[in-house]
Amino acid sequence: MQPGKSSVSPSTAVVPFWRNVKIIGVIAQFVFVIALVAGIGILVNNVVTALAKANLPADFSFLGKPAGIPIAERAIPYQVTDTYARALVIGFLNTLKIAVVGVVLATVIGVFMGVMRLSSNWLVRTMASVYVEVLRNIPLAVQIVFWYSAVLLPFPPRISDPIALPGGLIMSNVGLAFPFLYPTYRFGVWVPYLIAAAVLACVAWWWRRRALAKADRVGSVWPFPVVTFLVVAGLGLGLSYLGRSVPSDLTFTFEADRGRGTTAFVVDGKSRPAAFVPVAIEIEKASLTVSSQNLVESRQDVRGSVRFPLMSEREADAFEFTFADAAAAEERGLQLSFDKYPSVATIYVDRNGNGKLDAGEDVDPATNRGYGGVDVVMTVTNFRRTLVSDRDGQVRTPTFKHIDEAAAAVEESAAPRAGTRFSAFGQAATATVSESALTAKTEIQPVGALVLSRAYVPVSNYEGGMRLTVNYLALLLALVVYTSSFIAEIVRGGILAVPKGQREAARAIGLSGVQTFSLIIFPQAMRIVLPPMISQYLNLTKNSSLASLAGYAELFVIASVVSNQTGAAIPIALLLIGAYLAISLAFSVVLNQVNARLALVER
Amino acid sequence: MIPPRPAPVKAHGFRFWLRKNLFNGPFNSALTLVAAVVAAWSLYNLGNFIFVEGSWGQVWRNMRLFGVYRYPVEHLWRPLLALGMMLGLMGVMAGAAGRKSIVAGAFLPIQGFVAVVSAVAVIFWPSVRFLWPAALALGFIGYFVGRRWPRAVKYLSWGWGAWLVVGYLLLSGFTAGGALGRVPVRDWGGFLLTLILFTGIIPSFPIGIALALGRNSKLPAIKYFCIGFIEVVRGAPLIMWLFIASLLLPLILNVDANSLPAIMRAYVAITLFSAAYMAENVRGGLQAVPRGQGEAARALGLSAWQTTLLIVLPQALRAVIPAIVGQAIGLFKDTSLVFIVGLVDFFKVGDIVSVQPEALLVTGGVKLEVFLFIAVIYFFFAYRMSIASRQLEKRLGVGER
């Protein structure tokens with residue numbers, strides 16, 4: 001072969017294989033894959049041997065075993081004896097619970113702050129800037145701990161003295177509770193109407209669209225299906241309240257002196273808890289003994305307070321308050337001054353004799369503390385309350401005593417009893433009242449498809465309604481505030497990115513400032529804003545994994561507990577990665593949909 | 001005859017400013033009043049807490065815990081020397097870039113912070129009385145070196161690399177005996193640990209760039225590996241990766257759990273996590289480089305490697321500097337998550353300090369004080385970085401349409 005022959009026609013020249021880019025590429029990939037497989041193989045081998053050596057589970061069989069993890073906050077029924085799988089599902093639902101609410105609130109606050117940052121008002125603009133800059137430059141972990149242990153946990157209204165706000169909202173250091181609608185045993189009556197409503201809404205939507213297309217008109221489609229749905233569903237709900245009666249197998253057992261009751265269906269002697277049943281309870285005459293406590297109100301103030309369970313004046317015909325040891329109280333000159341009738345009172349000595357509590361009169365000069373440890377008896381006449389049993393069919397009322405026994409207890413307490421302790425709500429530790437004759441009139445109320453369950457405080461925790469724990473609130477607050485500062489920046493950027501001519505044109509055709517913003521600027525800004533906003537939503541969801549700092553049991557927290565208990569680190573890691581990837585994927589599907597829609601609108 | 005017109009409204013001065021910015025119309029005036037009440041209330045409560053109600057003794061007494069946690073007092077010169085070296089390197093960068101540069105704008109406030117701490121140290125902390133000023137001085141020496149010989153910047157990436165190694169050796173020591181006694185890694189903590197973990201962004205640079213280039217590769221095996229790595233890592237929260245790393249790294253590497261300190265595991269997790277985000281940032285930059293650049297380089301006869309390293313990457317990286325600073329802020333804040341693997345960083349010291357017996361004696365606890373202090377320190381550094389990021393954005397013309 002002559003040299004240079006190949007150079008005559010370079011296009012047909014054969015490139016030696018070691019210089020052929022394609023072949024090099026294939027070889028490189030081959031080497032890479034072999035190295036990768038070998039590397040992963042070695043690592044997996046390491047893991048397997050280590051797991052075998054330490055006798056740790058490497059499969060998912062542990063999921064079926066009983067978890068034994070107490071979880072206070074759950075969306076579905078759960079007991080400590082339930083499986084690990086169920087515990088993890090509850091964790092996942094809790095993640096969703098905080099993410100969904102957090103996303104909505106963060107959007108509202110973020111948009112508000114973003115608009116405020118562009119206000120023409122210097123003060124408002126500056127305050128919004130400070131809000132954004134401060135909050136997004138402090139680690140979320142610090143913010144969670146700050147809200148949880150520095151702000152909400154020491155929140156002044158203790159659960160023994162909660163704040164009852166209008167609308168049935170109750171606030172205290174344990175959390176927030178408010179009335180909530182729950183489906184009852186008659187929910188099934190409503191279901192066919194709901195299905196019919198959904199079907200008819202679809203029909204209305206389709207019909208309206210066709211009508212518009214036929215008439216070749218532009219008009220809004222959405223009101224039609226929405227109104228249809230609301231009318232039909234509302235009709236069904238209304239009908240579920242007609243002809244209601246209490247089923248004969250529904251029972252309510254109530255132990256008045258223990259303040260506990262259960263609603264249940266009794267079929268063939270077997271009882272099954274009946275959830276969300278309203279019952280009216282009436283107790284003719286009963287009493288309740290509470291020991292006053294020296295409570296730290298703030299950093300300085302210490303005083304002896306009596307705190308009875310949260311009641312309203314309307315719940316009884318009469319309230320009467322006496323000191324359990326009337327003689328001793330008289331001797332010391334003790335008086336009651338009500339901060340909140342009929343639940344909270346301060347004990348004081350009326351030293352200046354003007355008949356009311358003045359500064360310093362609530363402090364005992366002998367001890368320089370409040371008048372703690374004094375028993376006060378509340379006697380109620382015709383106490384009545386309508387309660388809705390919870391998911392497990394339970395209701396609770398204050399633990400009343402029969403009036404005669406209270407008298408007996410008073411007599412007994414006149415004699416000094418060593419070692420007798422009183423808990424916060426006066427379950428007086430007297431042995432004599434164990435067999436109580438206290439009776440109550442109870443009546444199960446008929447109910448429709450839904451029932452409004454009000455929150456109340458029977459003893460030392462919330463019952464009924466919807467309860468949000470302080471853990472949930474702290475985490476929610478921190479996540480919302482933190483994410484809203486990022487959303488505010490996105491919104492500000494989006495509004496600024498709308499061309500100036502749009503605003504000027506809108507003003508030129510006579511739109512007002514508000515109209516210009518809501519009809520012209522904001523819709524266009526939304527288009528720019530939505531994609532980064534959705535990635536902030538994903539961040540919020542992922543950041544909820546810091547829940548352990550607020551003691552909230554979300555997916556990651558429960559997973560790490562399960563991992564510590566079972567040693568199943570690898571399966572748990574795989575589950576976690578899978579769960580988070582699923583969430584990420586869901587968000588990116590939404591993001592792609594949004595992007596596609598926006599792109600369509602644009603052209 | 002044209003009727004005389006009224007005199008023009010004064011368009012400057014304080015009253016004009018007030019009218020223009022606060023009281024232009026009834027709605028705005030009402031808004032101003034409401035905002036003023038809210039602002040006054042917040043400022044009053046904050047001021048009242050800081051100056052009247054707060055008891056700051058607990059924070060003040062535990063400054064060493066906040067700073068270095070359990071690092072032995074007699075060895076404190078070592079972290080401070082490492083700090084001085086870091087300030088020196090930053091100083092060279094700042095000095096070379098000039099006094100009005102953004103780098104100097106970030107460096108000088110940090111020096112200011114160190115100067116304040118130095119002043120406090122000289123007065124109150126005898127054990128580090130001379131060490132803090134020495135670190136401060138190293139920073140200024142670096143600054144003047146940078147000003148005098150701006151070309152020193154060329155070798156800076158080597159300097160940072162060397163600093164990582166020297167800093168590690170300095171902090172850990174070599175042997176149990178000798179002048180440089182061994183300080184076990186588990187004793188590192190406080191703000192020192194926060195800074196150490198923050199340096200995880202340095203090794204995440206090359207890894208992230210490699211991942212970004214791999215993601216753009218035409219070779220499917222490499223491409224899909226990189227995509228998979230980036231998306232999986234970014235899909236889950238850092239706290240989960242820290243947890244997994246702390247559990248699985250010893251198993252995966254088949255080493256004894258005790259021989260791999262928690263710091264190392266956290267460092268690996270943070271570096272890889274940061275690398276995945278870095279890769280996405282760099283990829284954005286690669287997309288911003290016009291195609292013609294690469295094609296022109298190839299036409300000039302540069303090899304594929306040369307084209308990438310000398311032509312495309314420098315332009316890509318320059319375009320994403322603001323995004324990288326943004327990521328650095330995120331990482332700085334995220335270092336606070338290492339509590340999950342039992343490390344005691346600056347944030348976690350707060351927990352320890354607020355449950356000490358002395359803290360429990362204070363009515364109402366000192367949590368508010370402690371975490372306010374921690375928040376302020378984090379804020380100072382993160383905010384400083386975000387200002388730098390914004391200046392960079394402005395200067396590079398990113399986001400200006």
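Predicted model: local features only at pLDDT ≥ 70, side-chain atom pairs only at ≥ 80, totals over all residues.
**Ground rules.** I kept to local features with pLDDT of at least 70 and side-chain atom pairs at pLDDT 80 or more, while totals for chains, interfaces and linings use all residues. Residues are numbered from 1 along each chain as its sequence is written, chains are lettered from A and ligands numbered from 1 in the order written, and side-chain values use heavy atoms, without hydrogens or water.

**Helix α10(B).** I looked up α10(B), residues 201-215; helices here are DSSP runs of H or I, at least four residues, numbered from the N terminus. Its 15 residues reach 20 Å from first C-alpha to last, close to the expected 21 Å (1.5 Å times one less than the number of residues). Buried residues (under 20% relative accessible area, 1.4 Å probe, protein chains only) include Ile201(B), Leu211(B) and Arg215(B). The buried residues of α10(B) pack against α9, α11, α13, α15 and α16 of chain B; contact means heavy atoms within 4.5 Å.

**α2(B) on α19(B).** I checked how these two pack: the angle is about 110°, with the axes 12 Å apart. Axes are lines fitted to C-alpha atoms over the stretch in contact, and angles run from 0 to 180 degrees between N-to-C directions. That makes α2(B) roughly perpendicular to α19(B) (65 to 115 degrees). Phe49(B), Ile50(B) and Glu53(B) in α2(B) meet Leu368(B), Glu369(B) and Leu372(B) in α19(B).

**Asn62(B).** I found Asn62(B) in the loop between α3 and α4 of chain B. Asn62(B) is buried, at 9% relative accessible area. Leaving out residues up to four places away in sequence, Asn62(B) touches Val353(B) and Gln356(B).

Technical notes. Buried < 20%, exposed > 50% of the residue type's maximum accessible area, 1.4 Å probe, protein only. Parallel < 35°, antiparallel > 145°, perpendicular 65-115°, else oblique.
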